Amino acid sequence: MLLAPETIADFNQQHLDSHRRKLAYWTDEVGAAETIIEKLIAFQIAIPSWALGTGGTRFGRFGGGGEPRNLDEKIADVGLLHALNRSSGAISLHIPWDIPTDPEATRQLAAHYGLRFDAVNSNTFQDQPTGQAHSYKFGSLQHTDAAVRRQAIEHNIEVIRHGVALGSDSLTVWLSDGSCFPGQLNFRKAFDRTLDSLQQIYAALPDAWKLFVEYKAFEPNFYSMTVGDWGSSLLYATKLGPKAYTLVDLGHHLPNANIEQIVAILLHEGKLGGFHFNDSKYGDDDLTAGSIKPYQLFLIFNELVDGMDARGMDHATGLGWMIDASHNVKDPLEDLLQSVDAIQMAYAQALLVDRAALEEARETNDVVQAQELLQDAFRTDVRPLVAEANRRAGGALNPLALFRRQNVRRQLISERGLKTVATGL
Ligand code: LRH
Ligand code: MN
């Protein structure tokens, strides 16, 4: 056991006095503190099974050692994150990178760490070395060849079967389909073929399941993407039916897109299914959430709290909260701890916003006051609340500091070796 509960309790005991001093401001001054702490405890973020190693880029990969060699070790790593912050209580699998060969054993192992399975992800953006008759070079669900579309549809239905065996209740479909050059693709035919293919996948969904249609502006196609923006994703999800929703990956937008406005409208339409949280400066950089544009992450949560309350949605269970990241220069587990922390802070700050005063400022066009109300919340240090939520849930006051103090990576290297490479990105 890499992290015994006593180790966490000892760590918290050593930091309790300074924590209590910081928390005092909150519990004394801010009436909402208790509510925010309870909401943070309930708020669980799914960890991607494909982001537990050092993916690198096409220019190079600089592994840090001790990477998980199989699904069981991946579940153990997510279990470790969850033990540290008690906010990573779910894992999102990617098939075939992480096929659960013994789903019941996998389910029990996950339950042992307090984990459930969030959305399962299909993969028709790579050709598998074996067992795949047709190439996805020119796409999958859009492909001009019905046999290729059939193969991709069958794969998605198989992924649903894996998900059912694990207790998941949603499928995320991200398509790399599109074109690299003008003239290459008949956009209308590609749309119709993709819709028809998605309809066959939709028809295979169990009753209580959701289908998340993830859009992306570019990469690996660089002229058009067949599900290229929120509008096309919304169109597919609307034409598919009530179990289909859009999925917002923060890195999948063109530069300077107003993602918080997109989120507000999709939520208002009842067609927002969930998120792939990360951050980016240029493209789909898959960087640590909140590391480049923390104010944008706050503004997104501000729209989420506003819109979910307007629809009476439960914050913790109403949407799919998932991270999608890949790592080049950071320890994958440290990076994920930072992302969960940033998401918790953005959520806590959004819960601080005085919504009645904000609405009044908006209705009276008091632009300055509206900005002041948002920035007051964003400029408020909510870290003591996040730490207290972690502590009350049995986690560490400072998960990253304890991860480092315990030399977890060195322990993983001694257990798994320096050269292990995890499947995924
Ligand atoms: C595509 C994407 C998608 C996943 C993949 C790992 O860029 O965001 O969500 O399937 O990354
Ligand atoms: Mn994604």
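Modeller: R362 forms a salt bridge with E359, and their closest N and O atoms are 2.8 Å apart. This is a predicted model.

Colleague: What makes the contact between R362 and E359 a salt bridge?

Modeller: The rule asks for a side-chain nitrogen of Lys or Arg within 4 Å of a carboxyl oxygen of Asp or Glu. R362 and E359 have N and O atoms 2.8 Å apart. The pair therefore meets the rule. Side chains of opposite charge can pair when their charged atoms come close.

Colleague: Where do R362 and E359 lie, and what separates them?

Modeller: R362 and E359 both lie in helix 11 (residues 355-363). They are three residues apart, so about one helical turn separates them.

Colleague: Why is R362 called partly exposed?

Modeller: Buried means under 20% relative accessible area, and exposed means over 50%. R362 has 32% relative accessibility. That value falls in between, so R362 counts as partly exposed. E359 also has a relative accessible area of 32%, so E359 is partly exposed.

Colleague: How do you know whether R416 and D77 are buried or exposed?

Modeller: The cut-off for buried is under 20%. R416 is at 7% relative accessibility, so R416 counts as buried. D77 has a relative accessible area of 1%, so D77 is buried as well. Salt bridges that share partners also join R69, E73, D77, E415 and R416 into one network.

Colleague: How many salt bridges does this rule give?

Modeller: The count comes to 19. One of them joins the side chains of K74 and D98, at 2.8 Å from N to O. K74 lies in helix 3 (residues 71-85), and D98 lies in the loop between strand 2 (90-92) and helix 4 (103-112), so this pair ties together parts 24 residues apart in sequence. Both K74 and D98 are buried.

Colleague: Now the metal. Which residues coordinate the manganese ion (ligand 2)?

Modeller: E214 (OE), D249 (OD), H276 (ND1) and D324 (OD) do, at 2.1 to 2.2 Å. Donors must lie within 2.8 Å of this metal, so these atoms pass.

Colleague: Why is the site of the manganese ion (ligand 2) called octahedral?

Modeller: The manganese ion (ligand 2) has six donor atoms, with angles of 72 to 169° among them. For six donors, opposite ones must be over 155 degrees apart and all others between 65 and 115. The site is classed as octahedral by that rule.

Colleague: How are the donor residues spaced in sequence?

Modeller: The spacing is E-x34-D-x26-H-x47-D. H276 is in strand 10 (residues 272-277), while D324 is in the loop between strand 11 (320-323) and helix 10, 48 residues apart. H276 and D324 are both buried.

Colleague: What makes the largest cavity a cavity?

Modeller: In a cavity, a 1.4 Å probe fits but cannot get out. The search finds one cavity of 30 Å³ or more, and the largest cavity has a volume of about 30 Å³. Its lining includes K216, H252 and D284.

Colleague: How much space lies in the largest pocket?

Modeller: About 910 Å³. A pocket, by contrast, is an open set of points. Of its 32 lining residues, the closest to the centre are K216, E219, D284, D286 and L425.

Definitions and conventions
Residues numbered from 1 in each chain as written. Chains lettered and ligands numbered in written order. Predicted model: local features only at pLDDT ≥ 70, side-chain atom pairs only at ≥ 80, totals over all residues. Heavy atoms only, no water. 1 Å grid on protein atoms, 1.4 Å probe; cavity = no way out; pocket = protein on both sides within 12 Å on 5 of 7 lines; lining within 4 Å. Points joined across faces, edges and corners; volume = space filled by probe spheres on them. Donors = N, O, S within 2.8 Å, 3.2 Å for Na, K, Ca; no water. Tetrahedral: all angles 85-135°; square planar, octahedral: opposite > 155°, others 65-115°. Helix = DSSP H or I, 4+ residues; strand = E, 2+ residues; numbered from the N terminus. Buried < 20%, exposed > 50% of the residue type's maximum accessible area, 1.4 Å probe, protein only.
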